Amino acid sequence: MKKLAIATMATTLAVANIYTPVAANEIAEGICTAISADDRQRLRTILSNHNMRVRNVFTGIRCNGYSMLQFAITAEAAQVGDMITRQLPASMIAQDTVNGVPVLEWAESSGYASSDVVAAVRTRLGE
């Protein structure tokens with residue numbers, strides 16, 4: 001598996017001044033790896049070990065330039081995508097955009113319309 005290029009906003013993790021930027025990057029890399037492997041248990045373990053919630057780190061973590069939800073769609077990570085979708089408020093999902101395009105429109109135009117994650121997003125948003 002190729003190495004994940006991760007750009008993180010350490011502000012979410014550093015707000016409490018608990019994590020150094022290096023630790024924040026390692027946590028973000030672990031989260032992105034769990035998403036790409038569709039390993040819901042590993043993602044839960046990482047979040048639990050660091051006393052984090054998906055909704056608190058969602059805007060600060062980028063996996064290969066995508067949000068956690070978008071990355072789950074591209075990685076076809078159905079279990080993790082469903083978990084992320086259930087743990088985020090619908091308003092947060094609706095605000096998730098790719099270059100200004102809402103995540104559902106982006107997914108449909110990029111060929112991911114039949115993805116299980118996209119179906120979970122539609123259900124969560126009531127569409």
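**View 1. Ser 67 and Asp 96 meet through their side chains in this predicted model.** The polar contact between the two side chains spans 2.9 Å. Ser 67 sits in the loop that joins strand E2 (61-63) to helix H5. Is Ser 67 buried or exposed? Its relative accessible area is 1%, so Ser 67 counts as buried, the cut-off being under 20%. Leave aside residues up to four places away in sequence, and Ser 67 touches Phe 58, Ile 61, Arg 62 and Asp 96.

**View 2. Met 68 is a buried residue of helix H5.** Met 68 belongs to helix H5, which covers residues 68-74. The relative accessible area of Met 68 is 0%. That value is under 20%, so Met 68 is buried. Which residues does Met 68 touch, not counting those up to four places away in sequence? They are Ile 31, Ile 35, Val 54, Val 57, Phe 58, Ile 61 and Ile 84. Ser 36 gives a distance to look for in this view. Met 68 and Ser 36 are 32 residues apart in sequence. In space, their C-alpha atoms are 9.8 Å apart.

**View 3. Asn 51 has a positive phi.** The angle is about 50 degrees, and Asn 51 is not a glycine. Why point this out? Most residues other than glycine have a negative phi.

View 4. Find Glu 76 in the loop between helix H5 (68-74) and helix H6 (78-87). Is Glu 76 buried or exposed? Glu 76 is exposed, because its relative accessible area is 62%, over the 50% cut-off.

**View 5. Residues 1-17 have a pLDDT below 50.** The protein as a whole averages a pLDDT of 85. At least 70 is reached by 84% of the residues. Over residues 1-17, the pLDDT is below 50. This stretch still has 31 contacts in the model beyond near neighbours in sequence. Where pLDDT is low, the predicted coordinates should not be read in detail.

Key: Residues numbered from 1 in each chain as written. Predicted model: local features only at pLDDT ≥ 70, side-chain atom pairs only at ≥ 80, totals over all residues. Heavy atoms only, no water. pLDDT = per-residue confidence, 0-100. Contact = heavy atoms within 4.5 Å. Helix = DSSP H or I, 4+ residues; strand = E, 2+ residues; numbered from the N terminus. Buried < 20%, exposed > 50% of the residue type's maximum accessible area, 1.4 Å probe, protein only. Polar contact = N/O pair within 3.5 Å; in protein donor to acceptor, adjacent residues only side chain to side chain.
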